[in-house]
Amino acid sequence: MKIQTGRGTIPLNVLVAIWSVSAVVSLPGLAISPILGDLDKIFKHATDLEIQMLTSLPSLLIIPFVLLAGKLSVSRNKLLILYTGLALFCISGFFSLFAKNIVLLIFINCVLGVGAGMVIPLSTGLIADHFTGAYRTRQLGISSSISNVTLVLATSLTGWLATVDWHYPFLVYLLPGVALLMTLSLRKYKPDRGEAATIPAVPASPTDAAIGAVKWLPGIDVPRLGGLMLLYFLATYVVLVVTFNLPFLMQHYTLSSSASGVMISLFFLAIMLPGLFITWIIRKLKNATVFLPLLLICAGLLLIYLFKYEWTIGLGCFVAGIGYGVIQPLVYDKSVRTADSKNTTLALALVMSVNYLAILLCPFIVDLLTGLFGKSGSADFPFVLNAAIVLLMAVVGYRYRESYVFGAPDFSE
């Protein structure tokens with residue numbers, strides 16, 4: 001079976017191999033999450049600093065290695081970078097199963113962060129290398145969907161495994177080994193001459209002067225990419241309040257604490273859905289493709305803030321997830337278009353790094369802003385605060401809906 005790419009076709013097994021990389025990028029941190037509350041019991045002599053390092057240091061290492069992998073992809077063999085990252089990811093998961101002390105577990109999970117960082121930009125970079133135009137947009141949407149549905153399934157699996165033994169959640173980190181075996185087929189795949197000849201030339205950017213001025217990012221339209229990075233950072237930050245603060249809100253209003261996990265799973269499932277229809281959504285919404293999803297995020301957060309019923313909170317999570325699910329693959333697709341063919345993975349690495357930066361900074365930003373407004377410790381204020389932020393973003397998005405950052409991509413390339 002052959003899959004259309006906009007440049008020709010590729011075999012189905014090549015596409016499945018590329019999808020397998022998307023399936024593992026959401027795994028970092030999942031094995032730690034279900035045992036967070038028991039770390040002080042598992043490691044009785046561990047200090048607070050060691051516990052904090054176990055939860056944050058691997059995530060912190062992802063960011064520089066995402067950027068490093070993006071930079072290396074310009075002049076090095078991308079598959080070698082991918083295989084190295086997947087191998088480190090899988091090996092660290094294997095050794096985590098046998099870790100007996102927290103210092104060793106911290107070291108092993110730091111190696112995992114390095115491996116994951118090397119893999120993450122290539123999950124979308126490989127799609128950019130093989131697809132173009134509407135075909136690429138569709139595959140980036142599918143990649144986003146695969147990543148989010150894997151997150152939901154793996155979260156449920158690690159939660160169950162943790163009830164058996166605290167080591168067992170680390171079994172999910174062996175999945176990159178499966179991806180490694182599947183992507184070995186990419187070494188043998190070479191597009192034929194006819195397919196290569198159909199690759200369209202990259203049109204000259206209207207901001208070539210700006211590109212030339214930034215010597216350390218040649219071949220990338222820096223102003224456009226910077227705008228996309230800011231949009232993605234802010235969009236990610238505002239929706240993260242669902243995952244970080246929803247359990248506290250449910251507890252504060254004496255709602256079912258177990259329901260918060262279901263709500264968060266619903267949120268990620270909602271993020272998954274638009275990716276499956278992203279090209280249809282873009283064609284229907286056109287230049288409203290950014291500001292309308294931002295309004296959906298705002299509406300979802302307000303539903304959670306205003307109505308303290310489980311069904312309204314669930315609806316709010318779903319609506320916010322749908323909005324973010326449109327923005328994520330759209331930003332990835334536009335990021336590819338800011339770079340020439342040699343630098344697409346680097347452009348994607350820069351954009352994807354701000355996702356992890358938002359994850360690291362979100363709790364600190366929320367604490368800072370709630371403190372400034374005199375609402376420290378409030379369970380629901382972060383939701384209305386982030387709703388106000390995303391509403392302002394939607395207003396800006398409507399005002400500049402004809403611009404590159406807030407407009408719809410052109411499928412005619």
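A crossing of two helices is called left-handed if the near helix is turned anticlockwise from the far one by less than a right angle, and right-handed if clockwise. Keep in mind that this is a predicted model.

Q: What is the handedness of the crossing of H1 and H7?
A: The crossing of H1 and H7 is left-handed. By the definition above, the near helix is therefore turned anticlockwise from the far one by less than a right angle.

Q: Why is H1 called roughly antiparallel to H7?
A: The axes of helix H1 (residues 12-22) and helix H7 (residues 175-183) cross at roughly 155° and come within 9 Å. Angles over 145 degrees count as roughly antiparallel, so H1 is roughly antiparallel to H7.

Q: Which residues in H1 and H7 meet?
A: From H1 come Val16, Ala17, Ser20 and Val21, and from H7 come Ala179, Met182 and Thr183. Sorted by class, this contact of H1 with H7 has 5 nonpolar, 2 polar and no charged residues.

Q: How do you know whether serine 20 is buried or exposed?
A: Look at its relative accessible area, which is 10%. Buried means under 20%, so serine 20 is buried. Serine 20 has its place in helix H1. Leaving out residues up to four places away in sequence, serine 20 touches Ala179, Met182 and Thr183.

Q: What makes the pair formed by the side chain of serine 20 and the backbone oxygen of alanine 17 a close one to check against the polar contact cut-off?
A: A polar atom of the serine 20 side chain lies 2.5 Å from the backbone oxygen of alanine 17. The cut-off for a polar contact is within 3.5 Å, and 2.5 Å meets that distance.

Q: Why is glutamine 328 called buried?
A: Glutamine 328 is found in helix H14 (residues 310-337). Its relative accessible area is 9%, and the label needs a value under 20%, so glutamine 328 is buried.

Note on methods:
Residues numbered from 1 in each chain as written. Predicted model: local features only at pLDDT ≥ 70, side-chain atom pairs only at ≥ 80, totals over all residues. Heavy atoms only, no water. Axes fitted to C-alpha atoms, helices over the stretch in contact; angles between N-to-C directions. Helix = DSSP H or I, 4+ residues; strand = E, 2+ residues; numbered from the N terminus. Parallel < 35°, antiparallel > 145°, perpendicular 65-115°, else oblique. Contact = heavy atoms within 4.5 Å. Nonpolar A, V, L, I, M, F, W, Y, C, P; charged D, E, K, R; others polar. Buried < 20%, exposed > 50% of the residue type's maximum accessible area, 1.4 Å probe, protein only. Polar contact = N/O pair within 3.5 Å; in protein donor to acceptor, adjacent residues only side chain to side chain.
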